[in-house]
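I am opening my notebook on a new structure. I will write down what I look up, entry by entry.

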Amino acid sequence: MLLSLFIIQTFYFDLSLSVFNRQLITLNWHNDCTVVSTQEPDVSKTFFQIIERNRFADNYKQKRKGEIMNALELLKADHDKVDKLFKRAEATEDESKKHELFEQIKLELLTHAHIEETIFYPTIMVNEEIKDIVLEGLEEHKQAKTLLREIPRLADGSEKFEAKFKVLMEDIEHHVEEEESDMFKKVRAAFDSAQLEEMGAQMETEKLVFQKSYNASA
Ligand SMILES: [Fe+2]
Ligand SMILES: [Fe+2]
């Protein structure tokens, strides 16, 4: 029985999608309406994410022709942005401003961890020399995510906010220092500029997709 039926208006796009070794959807779109059917409820979500990624990637490449940051530049720019946000939060006496900055930091860190965990880390850890640093990095991500979950659950005015916020900041400083020194150095030696640029473009696209879905679910 068909569980899902979608009518999709779109542009040129050919897609074959196999899930669980089963051909579920085959599409040929030529700027018209295409009917897509599937027996897998989750396919709709996957399917629209694929469309989003392709659309973002096309837009991004068009906008940024010749000026796309490579993977290391992009990650460094993220690190610097979060560092500035932490410094602003540390400097302010205004509690509501600090909470507002925490929300920005949270989004930046979750996005950053997502692109590292889905694109950067899996790509670089095929190199045996880098694998151990990545495994350590993943553990540090887990710790940071625990704090990111705990902080918003604190009662208003909780005295634990400052302590947890400070530990988060110190953990991130330590993590960034390790990535930018040892990890980035080994990645520079093991991957060429074309590979780093490709990873950079993929991560930039994935950031947009992740933040769009984060904002939609907030
Ligand atoms: Fe990072
Ligand atoms: Fe990281």
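**Entry 1: the parts list**

I looked up the elements and found six helices and four strands in the protein. Helices (H or I, at least four residues) and strands (E, at least two) are DSSP runs, numbered from the N terminus. I then read the order from the N terminus on: β-β-β-β-α-α-α-α-α-α.

I noted the ground rules. This is a predicted model, where local features need pLDDT of at least 70, side-chain atom pairs count only at pLDDT 80 or more, and totals for chains, interfaces and linings use all residues. Residues are numbered from 1 along each chain as its sequence is written, while chains are lettered from A and ligands numbered from 1 in the order in which they are written.

**Entry 2: confidence**

I checked pLDDT, the predictor's confidence in each residue, from 0 to 100. The protein averages 81, and 70% of the residues score at least 70. Which element has the lowest mean pLDDT, and which the highest? Strand E1 (residues 4-9) is lowest at 39, and helix H2 (residues 71-91) is highest at 98. Over residues 1-39 the pLDDT stays under 50. For that stretch the model has 47 contacts beyond four places in sequence. Two residues are in contact if their C-beta atoms, placed from the backbone, lie within 7 Å.

**Entry 3: the whole chain**

I looked up burial next. A residue is buried if 20 or more other C-beta atoms lie within 10 Å of its own, exposed if 12 or fewer, and partly exposed in between. Buried residues make up 18% of the 218 residues in the protein. Among contacts with a separation of 6 or more, 68% join residues 24 or more positions apart.

I turned to helix pairs. Two packed helices are described by the angle between their axes and the distance between the axes. Axes are lines fitted to C-alpha atoms, for helices over the stretch in contact, and angles run from 0 to 180 degrees between N-to-C directions.

The axes of H2 and helix H5 (residues 160-190) come within 11 Å and cross at roughly 165°. H2 is therefore roughly antiparallel to H5. I wrote down the angle classes: under 35 degrees is roughly parallel, over 145 roughly antiparallel, 65 to 115 roughly perpendicular, and the rest oblique. From H2, the contact includes Leu72, His79 and Phe86. From H5, it includes Met169, Val176 and Phe184. The contact residues divide into eight nonpolar, one polar and three charged. Here Ala, Val, Leu, Ile, Met, Phe, Trp, Tyr, Cys and Pro count as nonpolar, Asp, Glu, Lys and Arg as charged, and the others, Gly among them, as polar.

**Entry 4: H2 against H6**

The axes of H2 and H6 come within 7 Å and cross at roughly 45°. That makes H2 oblique to H6. Ala71, Leu72, Glu73 and Leu74 of H2 meet Leu196, Met199, Gly200, Met203 and Glu204 of H6. I list six nonpolar, one polar and two charged residues in this contact.

**Entry 5: H3 against H6**

Helix H3 (residues 95-124) and helix H6 (residues 193-217) have axes that come within 9 Å and cross at roughly 140°. H3 and H6 are therefore oblique to each other. The contact includes Leu107 and Phe120 of H3, and Met199 and Tyr214 of H6. Its residues divide into nine nonpolar, six polar and two charged.

**Entry 6: one residue, Lys98**

I picked Lys98, which sits in helix H3. Is Lys98 buried, exposed or partly exposed? Lys98 is partly exposed, because 17 other C-beta atoms lie within 10 Å. Not counting residues up to four places away in sequence, Lys98 touches Ala89 and Thr92. The C-alpha atoms of Lys98 and Arg88 are separated by 8.2 Å.
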